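Subject: Structure for your review

Dear colleague,

Please find the structure below, together with its sequence. My notes on what was found in it follow.

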Amino acid sequence: MPESKIRKSVDDKRKRTESAKAAASSGRTTGRSSGATPRKTGADSAGRTAKRVSRRIEAESRPQGRRWVLPAAIVLAVLGIAWGVAYFVNDKLIPGEHALGKWNILIGAGAVLVAALLYLALRPRIGTPYAAGSRRWVAPAFIGVGLLGVAWLIVYYVAGSSIPFMAALGNWNILIGMGAMAAAFVIATLWK
């Protein structure tokens, strides 16, 4: 059942419960004497059902575990940026960084890319349940394909001549990288 229908039925039941309570507090009774024990009415059971449904909705909307994902992604991204900055400032700050040469740019960008993908893939899901045929895949696919195109271009400019298949492709590498970024924007148009 879609969440909007659940929420509507919960609201309807809550209104019925409140009107029943108001009627009971105003002195109206359902044909019983004042000394009789109150009988459970349909509104009372509807109120309990509404509470159960609202507790279930709240439980489903809470993030489930994986609270470590965001801090881990932030730390990895900061380390990647720090690696790249250290290379540009003074490549002898970190032992062994000088020997890697321009691969340091790829290491830093790769760490940031992995951090973004880690967060997108493993983040806790918060919010409403998705309907059948939803397009949850669009955002991760858009970001993944776009970053793949950027990474392809970075690798080509940094070390394209030393990678055999990239050297053989020559300037076609630019078309591949730009094509992946264009494909990412085409994927983004599928968002609902």
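Does Y156 count as buried or exposed? At 17% relative accessibility, Y156 counts as buried, where buried means under 20% relative accessible area, exposed means over 50% and partly exposed lies in between, with a 1.4 Å probe and protein chains only.

Please note that this is a predicted model, in which local features need pLDDT of at least 70 and side-chain atom pairs count only at pLDDT 80 or more, while totals for chains, interfaces and linings use all residues. Residues are numbered from 1 along each chain as its sequence is written, and side-chain values use heavy atoms, with hydrogens and water left out.

Overall organisation

The protein has eight helices and zero strands; these elements are DSSP runs numbered from the N terminus, helices being H or I of at least four residues and strands E of at least two. Of the 192 residues in the protein, 21% are buried. Among contacts (heavy atoms within 4.5 Å) with a separation of 6 or more, 67% are between residues 24 or more positions apart.

The surroundings of N104

N104 is placed in helix α5, which covers residues 103-122. With a relative accessible area of 0%, N104 is buried. A polar atom of its side chain lies 2.8 Å from the backbone oxygen of G101. The N104 side chain also makes a polar contact of 2.8 Å with the side chain of W83. A polar contact here is a pair of N or O atoms within 3.5 Å; within protein, one must be able to donate a hydrogen and the other to accept it, and residues adjacent in sequence count only if both atoms are side-chain atoms. Leaving aside neighbours within four places in sequence, N104 is in contact with W83, Y87 and E97.

W83 itself is found in helix α3 and is partly exposed, at a relative accessible area of 24%. The side chains of W83 and E97 are joined by a polar contact of 3.5 Å. With neighbours within four places again left aside, the contacts of W83 include I94, L100, I107 and G108.

Helix α5 as a whole has N104, G108, A111, A115 and L120 as its buried residues. Seen down the helix axis, these residues fall within an arc of 160 degrees, so they line one face of α5; the arc is that of the directions from the helix axis to the C-beta atoms. What covers them includes α3 (69-89), α4 (97-100) and α6.

The largest nonpolar core consists of five residues: V155, Y156, A159, I163 and M166. Such a core is a set of buried Ala, Val, Leu, Ile, Met, Phe, Trp, Tyr and Cys residues joined through side-chain atoms within 4.5 Å. Helix α6 (residues 138-159) gives the most to this core, with three residues.

The 22 residues of α6 should span 32 Å at 1.5 Å a residue, and its end C-alpha atoms are 31 Å apart, which agrees; the expected span is 1.5 Å times one less than the number of residues. The buried residues of α6 include V138, G146, G149 and L153. The helices against which the buried residues of α6 pack are α5, α7 (164-169) and α8.

The surroundings of N173

N173 lies in helix α8, residues 172-188, and is buried, with a relative accessible area of 0%. The side chains of N173 and W152 make a polar contact of 3.1 Å. Not counting residues up to four places away in sequence, N173 touches W152, L153, Y156 and M166.

Aromatic pairs

How many aromatic pairs does a search of the whole structure find? The search finds three, a pair being rings of Phe, Tyr and Trp (its six-membered ring) with centres within 6.5 Å, called stacked if the planes are under 30 degrees apart, edge-to-face if over 60 and tilted for the rest. One of them, F142 with F185, is edge-to-face, at 5.7 Å centre to centre and 65 degrees between the planes. Since F142 lies in helix α6 and F185 in helix α8, this pair ties together parts that are 43 residues apart in sequence. F142 counts as partly exposed at 27% relative accessibility, whereas F185 is exposed, with a relative accessible area of 56%. Y156 and Y157 form a tilted pair, at 5.4 Å centre to centre and 55 degrees between the planes. Y157 counts as exposed, at 56% relative accessibility.

Yours sincerely
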